[in-house]
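Subject: Structure handover

Hello,

Here is the structure I promised to pass on.

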Amino acid sequence: MPARIEQLSRPKPNLLQFPDRRSVYWLDEIPTRSKNNTTAFELTPRLEQLAQSKESSRFTEESRRSPEWMISAAALKACPSERVCSLALPRMPADGWQPERPLLAALSVAVKNAKPSPRICQLAQPKWVKTLLTYCSVDSSTQTISAPITPSSRILQLASPKQVHAQHSLARPVSWPVPDHVLKAVAGERLQKLARPKTRQALFEGYDPYRVCPAARAATASPRLLELSLPLPRKCKGQ
């Protein structure tokens with residue numbers, strides 16, 4: 001029994017500190033070293049057999065011995081049939097097909113020497129845009145003003161900017177000076193009492209958040225509170 005305990009009490013060997021690296025050759029004997037202090041490799045018959053290139057199968061037939069194929073005499077003297085000749089013809093375009101027109105068509109002399117009629121000159125004029133007060137041309141450099149339009153009093157009232165309220169005060173700056181009497185002020189006992197946080201017991205110390213104090217039980221609601229507590233009339237119509 002003590003021998004077993006001693007065996008179990010021995011620490012495990014640290015394999016990472018001294019790794020057991022086996023030889024990659026896995027030979028029974030240490031290989032001899034040459035004069036250049038290099039290992040002399042010796043292959044086994046099995047390794048030499050595996051190192052040989054793979055031979056082609058005896059059932060393999062070479063269909064193309066050369067990239068240049070020899071054409072037979074019969075193929076050179078062959079005459080194509082009518083069907084082969086019809087299939088060899090290029091495909092003709094469909095009926096009604098027209099080639100694409102050039103991007104810039106050439107203008108004839110009559111078009112270049114043509115003079116527009118008064119109606120065409122009238123249609124070529126830019127469109128007039130109606131504005132609030134005048135009629136003017138957008139493209140013309142000189143704006144032509146026709147009959148002016150007088151806005152109504154309502155439009156003038158709506159066009160006037162919104163006035164600022166009389167009691168409006170601007171936003172205060174982020175930082176402003178504190179008066180001296182505020183810096184020298186001393187809080188009274190009442191203010192110090194009100195500034196102290198309300199102390200409450202924790203739940204595990206016996207605090208009951210649902211307990212109502214006796215003063216709240218004896219309180220009487222004012223007429224205003226009773227009026228605010230009533231539901232809206234529109235929600236009571238169906239009842």
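Below is what turned up in it, topic by topic.

Please keep in mind that this is a predicted model.

Overall make-up. The chain has 239 residues, and 1% of them count as buried. Its accessible surface comes to about 26300 Å². Carbon and sulfur atoms account for 58% of that area. The secondary structure consists of 11 helices and 2 strands. What order do they follow along the sequence? The pattern reads α-α-α-α-α-α-β-β-α-α-α-α-α.

Cysteines. The disulfide count is 0. Cys-79 takes part in none, and its nearest cysteine sulfur, in Cys-85, is 9.5 Å away. The accessibility values for the two residues are as follows. Cys-79 is exposed, at 71% relative accessible area. Cys-85 is partly exposed, at 39%.

Charged side chains. The salt bridge count is 1. It joins Glu-227 and Arg-224, with 3.4 Å from N to O. Glu-227 is partly exposed, with a relative accessible area of 49%. Arg-224 is also partly exposed, at 48%. As background, side chains of opposite charge can pair when their charged atoms come close.

Aromatics. The number of aromatic pairs is 0. There is a charge over a ring, though: Arg-172 lies over the face of Trp-176. The distance to the ring centre is 3.9 Å.

Nonpolar surface. Leu-43, Leu-47 and Leu-50 form a nonpolar patch on the surface. Together they have about 300 Å² of accessible area. Of these, Leu-47 lies in helix H2, residues 45–51. Is Leu-47 buried or partly exposed? Leu-47 counts as partly exposed, with 43% relative accessibility.

Best wishes

Conventions:
Residues are numbered from 1 along each chain as its sequence is written. This is a predicted model: local features need pLDDT of at least 70, side-chain atom pairs count only at pLDDT 80 or more; totals for chains, interfaces and linings use all residues. Side-chain values use heavy atoms; hydrogens and water are left out. A disulfide is a pair of cysteine sulfur atoms within 2.5 Å. Buried means under 20% relative accessible area, exposed over 50%, partly exposed in between (1.4 Å probe, protein chains only). Rings of Phe, Tyr and Trp (its six-membered ring) pair if their centres lie within 6.5 Å; planes under 30 degrees apart count as stacked, over 60 as edge-to-face and the rest as tilted. A charge sits over a ring if NZ of Lys or CZ of Arg is within 6 Å of the ring centre and within 35 degrees of the ring normal. Helices (H or I, at least four residues) and strands (E, at least two) are DSSP runs, numbered from the N terminus. Accessible areas come from the Shrake-Rupley method with a 1.4 Å probe; for residues, only the protein chains shown count as cover. Patches are made of residues with over 30% relative accessible area and no salt bridge: like charges are joined within 9 Å, nonpolar side chains (Val, Leu, Ile, Met, Phe, Trp, Tyr) within 5 Å. A salt bridge is a side-chain nitrogen of Lys or Arg within 4 Å of a carboxyl oxygen of Asp or Glu.
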